[in-house]
Amino acid sequence: MEGTVFTPSLEGMQHIRSPQGEMLTKPFLDVCKLILPVIDKFGTAMALVKRDIGRNTSRLEKKYQSDPFRYNYLYNMVKEEYECKSAKGSTSCTNGILWLTRAMDFIVELFRNLLAHPDWSVTDACTDAYGKTLKKFHGWIASSSFTCAG
């Protein structure tokens with residue numbers, strides 16, 4: 001995949017874990033941000049996904065920048081919020097990590113569909129990816145209003 005739009009993300013993925021296997025905050029967020037220009041290529045069809053990824057990476061980056069040593073690992077953010085009983089809040093970093101990883105799962109499944117099914121439209125690939133990843137977490141209204149124009 002050398003020289004593709006995926007190259008920076010794939011190279012960045014090699015650095016998101018510490019030697020002990022813990023998720024490093026900054027490299028993880030950097031990889032998540034690298035996918036935004038790729039999502040841009042889909043136009044307005046992916047605007048909600050892009051906004052969600054951007055919002056959650058910004059929230060986590062702000063927390064990380066407040067104390068890079070303390071929040072070097074994503075786990076430390078979750079642990080702190082869990083101990084303060086704020087992890088379940090809609091604006092918590094824990095919630096941001098949860099929805100960011102869900103969005104990234106959707107993106108991976110979308111790209112997998114596009115690669116595995118060259119005969120599918122972008123709409124078909126997107127709808128299938130949504131059904132496999134995000135749909136189970138959205139309520140009826142969000143699920144029924146989800147569309148991806150191709």
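This is a predicted model: local features need pLDDT of at least 70, side-chain atom pairs count only at pLDDT 80 or more; totals for chains, interfaces and linings use all residues.
Begin with the aromatic rings, where the count comes to two pairs. Select Phe42 and Phe111 to see one of them: the ring centres are 6.2 Å apart and the planes meet at 25°, which is under the 30 degrees required, so this pair is stacked. Phe42 belongs to the loop between α3 (36–40) and α4 (47–66), while Phe111 belongs to helix α6 (residues 93–116), and the pair therefore ties together parts that are 69 residues apart in sequence. Colour Phe111 by accessibility and this residue counts as buried, at 16%.

Next, select Trp99 and Phe137, an aromatic pair that is edge-to-face, with 6.3 Å from centre to centre and 80° between the planes. Because Trp99 lies in helix α6 and Phe137 in the loop between α7 and α8 (140–145), this pair ties together parts that are 38 residues apart in sequence. Phe137 has a relative accessibility of 35% and counts as partly exposed.

Finally, move to Thr133 in helix α7 (residues 122–133). Is Thr133 buried or exposed? Its relative accessible area is 12%, which is under 20%, so Thr133 is buried. Show the side chain of Thr133 and follow it to the backbone oxygen of Ala129, which it reaches at 2.7 Å. Leaving aside residues up to four places away in sequence, Thr133 touches Asp105, Phe106 and Glu109.

Note on methods. Residues are numbered from 1 along each chain as its sequence is written. Side-chain values use heavy atoms; hydrogens and water are left out. Helices (H or I, at least four residues) and strands (E, at least two) are DSSP runs, numbered from the N terminus. Buried means under 20% relative accessible area, exposed over 50%, partly exposed in between (1.4 Å probe, protein chains only). A polar contact is a pair of N or O atoms within 3.5 Å; within protein, one must be able to donate a hydrogen and the other to accept it, and residues adjacent in sequence count only if both atoms are side-chain atoms. Contact means heavy atoms within 4.5 Å. Rings of Phe, Tyr and Trp (its six-membered ring) pair if their centres lie within 6.5 Å; planes under 30 degrees apart count as stacked, over 60 as edge-to-face and the rest as tilted.
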